[in-house]
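Hi everyone, thanks for coming. Please have a look at the sequence and the fold on the screen, and then I'll walk you through a few places in it.

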Amino acid sequence: MKVDSFDFHLPEELIAQTPLEVRTDSRLMVLDKKTGGIHHEKFRTIAEYLRPGDCLVLNDTRVLPARLYGIKEGTGAKIEVLLLKQEEGDIWETLIKPAKRVKIGTVLTFGDGRLTAVCTAETEHGGRSLRFHYEGIFYEVLDQLGEMPLPPYIKDELDDKDRYQTVFAKERGSAAAPTAGLHFTQELLDEIANKGVHLAFITLHVGLGTFRPVSVETIDKHEMHAEFYQMTEGTARLLNEVRERGGRIISVGTTSTRTLETIARDHGGVFKETSGWTDIFIYPGYEFKAIDGMVTNFHLPKSTLVMLVSALAGRENVLEAYRKAVKERYRFFSFGDAMLVL
């Protein structure tokens with residue numbers, strides 16, 4: 001299957017540059033995965049489409065203020081660093097701009113010396129491993145010196161960095177937000193739970209793959225970047241019980257979907273307490289083993305995320321839904337509107 005099969009026209013002005021003041025004010029397109037039927041709603045009405053006994057699965061990863069601006073020791077050259085994942089101890093895999101200025105042994109300084117780093121290895125795609133040196137607690141230093149790593153298609157600065165966190169974010173380690181979860185408030189989650197819908201949490205730390213476009217012509221040649229995930233015993237037990245009782249498992253976001261499908265694939269269709277790295281790539285032809293529905297945002301043309309949604313709802317259904325979203329002026333990408341596939 002060709003990557004171009006997932007292309008569509010997207011006017012640039014539909015790329016949301018700022019979040020709405022109220023999270024639940026975003027729009028919600030409800031897509032019937034069997035018929036392709038569409039309803040236009042507000043996100044705050046999502047509970048109406050959920051049934052007692054269903055389970056909503058949310059990714060509780062927390063975005064690090066992972067973008068650092070520093071200088072190269074000796075020359076004073078300006079360097080931008082994006083933390084991707086912790087390799088071990090104080091060594092992190094990073095993306096650096098301009099990467100060619102940073103060789104093994106290069107020392108970088110941030111915040112007038114409050115944080116320093118030395119390059120220990122060169123990795124693929126312009127990556128570098130850095131060993132950081134600091135006084136105190138690394139994450140506290142990072143909170144003071146780092147910025148939120150907004151996606152490259154967002155040009156405006158973010159006034160409130162908490163708007164690029166879900167209200168249930170807990171486990172620190174992401175290079176990007178699981179954006180389908182940004183629409184929920186605690187009040188809406190309480191309303192959903194009071195209806196008898198279970199809430200379950202998993203963790204997947206979003207990494208490099210989020211920023212990497214598909215650069216091959218055919219889908220099966222694309223390689224996903226591995227990301228760390230974990231599921232607790234309590235979540236695994238709840239999901240198995242929901243499945244046994246006939247409830248639907250509805251994932252919030254492509255990250256939750258990929259985590260659930262990885263675990264179900266690796267454990268014979270059941271859920272177990274586990275952690276590991278997943279590079280699962282879901283596209284049409286994939287047989288879902290874990291989920292019955294999904295909440296997701298509107299994604300980039302020809303992206304792996306559009307391919308995943310198409311695997312669940314059918315390529316033609318999804319592309320027609322996207323055409324209608326463009327016509328109806330839905331807002332796209334991280335700060336945009338949402339789709340519920342059932």
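A quick word on the ground rules. This is a predicted model, where local features need pLDDT of at least 70, side-chain atom pairs count only at pLDDT 80 or more, and totals for chains, interfaces and linings use all residues. Residues are numbered from 1 along each chain as its sequence is written, and side-chain values use heavy atoms, with hydrogens and water left out.

Let's begin with helix α5, residues 304–313. Helices here are DSSP runs of H or I with at least four residues, strands are runs of E with at least two, and both are numbered from the N terminus. How much of α5 is buried? Nine of its ten residues are, so the helix is largely enclosed by the rest of the structure. By buried I mean under 20% relative accessible area, with exposed being over 50% and partly exposed in between, using a 1.4 Å probe and protein chains only. The areas themselves come from the Shrake-Rupley method.

The buried residues are T304, V306, M307, L308, V309, S310, A311, L312 and A313. They pack against β1 (27–31), α4 (254–266), β16 (293–297), α6 (315–327) and β17 (338–341). Take S310 as an example: its relative accessibility is 2%, so it counts as buried. Leaving aside residues up to four places away in sequence, S310 touches F6, P284, R315 and V318, where contact means heavy atoms within 4.5 Å. Just after the helix, G314 takes a positive phi of about 95°.

Now for the charges. Side chains of opposite charge can pair when their charged atoms come close. A search of the whole structure finds eleven salt bridges, each being a side-chain nitrogen of Lys or Arg within 4 Å of a carboxyl oxygen of Asp or Glu. I'll show you three of them.

One joins R329 and E13, at 3.6 Å from N to O. R329 sits in the loop between α6 and β17 and E13 in the segment before β1, so this pair ties together parts that are 316 residues apart in sequence. R329 is partly exposed at 45%, and E13 is exposed at 56%.

Another links E227 with R258, with the closest N and O atoms 2.5 Å apart. Because E227 lies in strand β13 (residues 227–231) and R258 in helix α4, the pair connects parts 31 residues apart in sequence.

E147, D156, E157, D159, D160 and D162 form a negative patch. Patch residues have over 30% relative accessible area and no salt bridge, and like charges are joined within 9 Å. One member, E157, is in the loop between α1 (138–145) and β11 (171–174), and at 72% it counts as exposed.

Last stop: L130, in strand β10 (residues 127–134). At 0% relative accessibility, L130 is buried. Its contacts beyond four places in sequence include V81, W92, I96, L108 and V118.

That's my tour, and I'm happy to go back to any of these spots.

Technical notes: Patches are made of residues with over 30% relative accessible area and no salt bridge: like charges are joined within 9 Å, nonpolar side chains (Val, Leu, Ile, Met, Phe, Trp, Tyr) within 5 Å. Accessible areas come from the Shrake-Rupley method with a 1.4 Å probe; for residues, only the protein chains shown count as cover. Lys and Arg count as positive and Asp and Glu as negative; His and the chain ends are not counted. The place of a charge is taken as NZ of Lys, CZ of Arg, CG of Asp or CD of Glu.
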